[in-house]
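Please examine the structure shown below.

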Amino acid sequence: MINVAILGYGTVGSGVYKIINENNTHISRRAGDEVKVKYVLDLRDFPGDPVEEVLVHDVDIIMEDDEVDVVVEVMGGVEPAYTFVKRALDRGKSACTSNKELVAKHGAELLQIARENNVNFFFEASVGGGIPIIRPLIECLTVDHIEEIQGIMNGTTNYILTKMEDEGADFDTVLKDAQDKGYAERNPEADIEGYDACRKIAILTSLAYEKQVDFEDIYTEGITKITTDDFDYMKKIGASIKLLGIARKDVGITYSMVAPFVVYSDNPLYNVKDVFNAILVKGDMLGDVMFYGKGAGSLPTASAVVSDVVDAVKRQGYTAKIYWNDEKRILGGVDAFTTPYFVRVKPNADEDMDALKARVENIFGSVEYISLDSKQDEIAFITKVLSGSEFEQAAEGFDVVSRIRVSK
Ligand code: HSE
């Protein structure tokens, strides 16, 4: 018998409880032992909910019970999740979490503590919700050098961008609609400013390149400056705009960033719409492989968490090898990150459109123009590949309406 304790009976925790109970025979067969929820920890009471039978309010009951084999942490936030997970690992219990803040900040350290205690620390649901991406990265893509990861890892922003693109509604209107429908948080900052995606790409970059990437070092730009005019230009060239988390190794330098990118229709991420997430991994031998599915929600996320529980049961007695050490990875700066840019500029006061065009070509060299009948008062174009600092230098003196990196 494997006893599981769930820390937190919120959206994900209630999903974990439901899945372990409803699919119990299947899960137990796959785990090779009967899996049972012995405790659920929450500060609240849930009168009338069957969870009452296993509900506790004191974490000590769980930590001090040697019959608990696996602790599932689904509370979110760094504290007290960090203290509880550390304590569980130190008590010889495996821990599984969906908590991206916890994993991004303390992943390497918690993996080390798990190794010292001969148990496992798993976090499949921390990136891409229900999409298997962590296990494929560490178990399957072991042969390839990862050249790049491009991920749509935030459902809220992908939903907003999709509505702006498909319905021509502006950012504020779509955000309000998304909040009214419960898709976006009342305080949407973590999503729309890219902070949520930043934690997730920090985890993937650390795993892909094996050293600790601090999320504070990751250049992060959200979607608040994207307009419906930008999408009008995209339609003209058969492209879209997506908020991407990028991890890249380029001439020995590791880059990690979050920003809106122009994505052309030949990129499989182009078709990832609404709240769906997808992660495209480019291996030097395998080529492109994409993982697609639901990046949030109770049951999809809980499904990934319970898959970790099954894995932890199967690996009882030894720690899975996960290459992510706590040595800090120094990232290449955004000034050195190379990419083409989509740019819209307006003429200066003393300039006509011909003069502006001449100046664009003089400074940026040959560019690919995109013209819209509805936009005669500006010039839009795509540059050749430039580093961030080359772009900033070139853009100086231009009245830039919009500039968005273009996915290579
Ligand atoms: N707020 C996140 C999203 C939830 O919109 O994708 C999953 O981390």
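**Questions on a predicted model**

Q: Which residues does Ile-113 touch, not counting residues up to four places away in sequence?
A: This is a predicted model, and in it Ile-113 is found in helix H5, residues 100-116. Once residues up to four places away in sequence are set aside, the residues that Ile-113 touches are Lys-86, Leu-89 and Asp-90.

Q: Is Ile-113 buried or exposed?
A: The cut-off for a buried residue is under 20% relative accessible area. The relative accessibility of Ile-113 is 10%. Ile-113 therefore counts as buried.

Q: How far apart in space are Ile-113 and Thr-156, C-alpha to C-alpha?
A: In sequence, Ile-113 and Thr-156 are 43 residues apart. In space, their C-alpha atoms are separated by 34 Å.

Q: Why is the protein described as being as compact as a globular protein of its length?
A: The secondary structure comes to 14 helices and 20 strands. For 408 residues the globule rule gives 22 Å, and the radius of gyration of the protein is close to this, so the protein is as compact as a globular protein of that length. The radius of gyration in question is 23 Å.

Q: What percentage of contacts between residues at least 6 apart in sequence join residues at least 24 apart?
A: Of the 408 residues, 54% count as buried. Among contacts between residues at least 6 apart in sequence, the share that joins residues at least 24 apart is 73%.

Q: How far apart do the centres of the positive and negative side chains lie?
A: The protein exposes about 17500 Å², of which carbon and sulfur atoms supply 48%. Its charged side chains comprise 44 positive and 69 negative ones. The centres of these two sets lie apart by 3 Å.

Q: Is Phe-121 buried or exposed?
A: Phe-121 lies in strand S6, residues 121-122. Beyond its neighbours within four places in sequence, Phe-121 is in contact with residues including Val-85, Leu-89, Ala-95, Leu-111 and Ile-322. Its relative accessibility is 1%, so Phe-121 counts as buried.

Q: How far apart in space are Phe-121 and Leu-110, C-alpha to C-alpha?
A: Leu-110 is one of the residues in contact with Phe-121. The two are 11 residues apart in sequence, and their C-alpha to C-alpha separation in space is 6.9 Å.

Q: In which strand is the place of Ser-94?
A: Ser-94 counts as buried, because its relative accessibility is 8%. Not counting residues up to four places away in sequence, Ser-94 touches Asp-69, Val-70, Val-71, Leu-89, Val-119, Asn-120 and Ala-312. Its place, within residues 94-97, is in strand S5.

Q: What is the relative accessibility of Gly-129?
A: Gly-129 lies in the loop between S6 and helix H6 (134-140). Not counting residues up to four places away in sequence, Gly-129 touches residues including Glu-124, Lys-294, Pro-300 and Ala-304. Gly-129 counts as buried, its relative accessibility being 3%.

Q: Which peptide bond is cis, with omega near 5°?
A: Most peptide bonds are trans. Pro-80 lies in the loop between strand S4 (68-73) and helix H4 (81-90). The cis bond with omega near 5° runs from Glu-79 to Pro-80.

Q: What is the phi of Val-251?
A: Most residues other than glycine have a negative phi. Val-251 is in the loop between strand S10 (239-250) and strand S11 (253-264), and with a relative accessible area of 79% it is exposed. Its phi is positive, near 35°.

Q: What is the relative accessible area of Asp-274?
A: Asp-274 lies in the loop between S11 and strand S12 (276-283). Although Asp-274 is not a glycine, it has a positive phi of about 55°. Asp-274 is partly exposed, with a relative accessible area of 31%.

Terms used
Residues numbered from 1 in each chain as written. Predicted model: local features only at pLDDT ≥ 70, side-chain atom pairs only at ≥ 80, totals over all residues. Heavy atoms only, no water. Helix = DSSP H or I, 4+ residues; strand = E, 2+ residues; numbered from the N terminus. Rg over C-alpha atoms; globule rule 2.2 N^0.38 Å. Buried < 20%, exposed > 50% of the residue type's maximum accessible area, 1.4 Å probe, protein only. Contact = heavy atoms within 4.5 Å. Areas by Shrake-Rupley, 256 points an atom, 1.4 Å probe, with all protein chains shown as cover. Lys, Arg positive; Asp, Glu negative; His and termini not counted. Charge placed at Lys NZ, Arg CZ, Asp CG, Glu CD.
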